[in-house]
Amino acid sequence: MAKNVVILGGGTGGTMVANHLARSMRKEISQGEVTVTQVTDNADHVYQPSFLFVSINHARVEDYTRPQKSLLAAGVNLVVDGATKINADTNTITLANGGSLPYDMLVIATGAYPNFDSLPGLAEAADNFYTAEGANKLRDKLINFTGGKIVITIDVPHKCPVAPLELIFMLDEMYRDKGIRDKVDLLYTYPIGRLHSLQPVADWAEPEFEARGINSEIFCNVESVDPKKKIVSTLEGSEIPYDILISIPAHRGAQVIADSGLGDEGGFIPTDRHSLKAEGYNNIYVLGDATNLPISKAGSTAHYEADVVAENIVSELRGIMPSHHYDGKVFCFVEAGLNSATYVSFSYAKPPAPTPPSEMIHWFKLAFNEMYWLSARGIL
Amino acid sequence: MSVQVDKTVDARGSYCPGPLMELIKTVKAASVGNTVEVWSSDQGSVNDIPEWVKKVGHELLYSEKADDGEYWRIAVKKVK
């Protein structure tokens with residue numbers, strides 16, 4: 001009887017695991033010994049890092065959207081349907097259409113989602129570039145902006161931790177290019193006592209802010225927003241007026257995780273930091289933004305984790321002890337404006353080391369935006 | 001007097017988002033009166049966590065090195 005591997009989620013992590021398994025277990029799949037099924041409620045795959053560029057009109061969402069089916073290797077069954085319940089006691093998934101999907105091994109890659117209802121007033125007041133719809137709407141506001149105060153606020157947890165910093169540098173250059181920088185007040189806020197959680201990034205950003213006239217407020221955790229008066233109130237007691245509020249709200253896990261009783265208070269799944277197995281479940285792996293691990297919720301995290309998860313599943317299905325361990329590795333490009341970028345790389349044991357921004361890294365980032373589709377396919 | 005910890009956050013090896021961000025996330029989700037203990041391997045936590053706790057008005061219960069000397073245990077009580 002075939003062993004069924006089910007992958008929940010059609011984003012970066014889930015797609016990479018599906019393709020990795022299909023390529024590594026081609027023989028078992030062709031002989032009917034193993035099935036690999038990916039379940040996603042979206043027939044399209046969207047490259048989310050494009051939203052940053054969309055928000056300043058340097059990219060279009062449709063150019064970074066492809067049919068999910070086109071990204072999958074032969075041997076992966078695609079089910080386009082919502083998963084409404086993970087029944088870990090019976091090893092089945094309940095689907096939105098009423099069907100049930102059995103699994104022997106489950107991979108959860110259901111992601112994280114910005115929760116605009118997490119704070120009073122936020123949904124009505126805030127713009128964002130963390131959703132396709134939000135990025136398109138924000139683009140129109142930003143490119144038509146003629147002057148005033150733009151405020152960026154950040155809540156925890158959130159994905160793509162350097163994106164807000166990248167946006168503020170891009171806005172600085174965009175309004176300089178338009179010749180209206182003197183009419184635009186840019187305020188970047190951050191929850192802790194420096195400009196970014198990564199100390200080298202914060203150390204680099206601070207003099208850049210000073211040189212470019214970008215204002216900042218640290219220890220800034222939003223408590224509520226008054227959309228009528230256009231004022232942000234913080235836990236720390238400050239009140240910040242704005243003309244455009246760009247907010248990165250606290251994220252939460254997928255609804256199916258909460259509905260299945262598998263998540264913590266935020267809907268993120270307690271996960272072993274090295275094996276990537278869901279705590280208490282020997283046949284469930286978790287990766288990407290869905291975990292509760294204290295690491296960056298970013299595509300590169302999911303990418304590195306996908307290799308570990310897929311290799312361990314191959315081992316388990318072949319009766320070999322799973323021996324791959326995730327070391328906490330993360331790699332992030334950091335755009336320093338419209339024409340230069342840097343990057344950071346770190347793991348549980350290796351702190352990030354600073355790298356001076358360069359034009360070449362910026363072009364590599366833009367090139368990766370196109371090469372991503374090879375990564376999703378498991379080729380790069 | 002022993003402290004009853006309601007939630008422990010293992011943020012060892014976390015550079016991004018880092019121990020303080022993990023603590024803020026957990027404290028915001030906790031009930032008033034609950035105690036959150038964060039484990040951090042970042043020496044900077046000894047300074048930046050108490051600084052944030054003071055600014056927001058919560059209570060720092062202790063900040064101590066673990067028995068193996070490899071990380072710090074810092075406990076915060078949510079008071080409002």
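Because the model is predicted, local features need pLDDT of at least 70 and side-chain atom pairs count only at pLDDT 80 or more, whereas totals for chains, interfaces and linings use all residues. Residues are numbered from 1 along each chain as its sequence is written, and chains are lettered from A, with ligands numbered from 1, in the order in which they are written.

Chain B has two helices and four strands, where helices (H or I, at least four residues) and strands (E, at least two) are DSSP runs numbered from the N terminus. Read from the N terminus on, the elements of chain B follow the order β-α-β-α-β-β. The radius of gyration of chain B, 11 Å, is close to the 12 Å that the globule rule gives for 80 residues, so chain B is as compact as a globular protein of that length; the radius is taken over C-alpha atoms, and the rule is 2.2 Å times the number of residues to the power 0.38. The C-alpha trace of chain B spans about 30 × 30 × 20 Å along its principal axes. Of the 80 residues of chain B, 45% count as buried, a residue being buried if 20 or more other C-beta atoms lie within 10 Å of its own, exposed if 12 or fewer, and partly exposed in between, with C-beta atoms placed from the backbone. Among the contacts in chain B with a separation of 6 or more, 60% are accounted for by residues 24 or more positions apart; two residues are in contact if their C-beta atoms, placed from the backbone, lie within 7 Å.

The contact between the chains takes 24 residues from chain A and 18 residues from chain B. On the side of chain B that touches chain A, the elements that give two or more residues are helix 1 (19–29) and helix 2 (45–56) of chain B. Helix 1 of chain B gives the most to this side, with six residues. By residue class, this side of chain B divides into ten nonpolar, three polar and five charged residues, where Ala, Val, Leu, Ile, Met, Phe, Trp, Tyr, Cys and Pro count as nonpolar, Asp, Glu, Lys and Arg as charged, and the others, Gly among them, as polar.

Residues up to four places away in sequence not being counted, Leu8(A) touches, among others, Val39(A), Ile93(A), Leu106(A), Val107(A) and Ile108(A).

Strand 1 (residues 3–8) of chain A pairs in the parallel sense with strand 2 (residues 34–40) of chain A over six bridges, two strands being paired if DSSP finds at least two bridges between them. Within this pair, Val5(A) stands opposite Val36(A) in strand 2 of chain A. Strand 1 of chain A is also joined by four bridges to strand 9 (residues 105–108) of chain A, the two running parallel, and Val6(A) has Leu106(A) as its bridge partner in strand 9 of chain A.

An open sheet of four strands in chain A has the order 13-12-11-17, with parallel pairing. Strand 13 (215–217) and strand 17 (244–248) of chain A stand at the edges, each with a single partner strand, so one side of each is left without a neighbour in the sheet. Strand 11 (residues 148–154) of chain A pairs with strand 17 of chain A in the parallel sense over five bridges, and the bridge partner of Ile150(A) in strand 17 of chain A is Ile244(A).

Some backbone features lie in loops. Most residues other than glycine have a negative phi, and most peptide bonds are trans. The peptide bond from Val156(A) to Pro157(A) is cis, with omega near -5°, and Pro157(A) has its place in the loop between strand 11 and helix 7 of chain A. A cis peptide bond also joins Cys16(B) and Pro17(B), with omega about 20°; Pro17(B) is found in the loop between strand 1 (7–10) and helix 1 of chain B. Leu276(A), a residue other than glycine, has a positive phi near 65° and is buried, with 25 other C-beta atoms within 10 Å.
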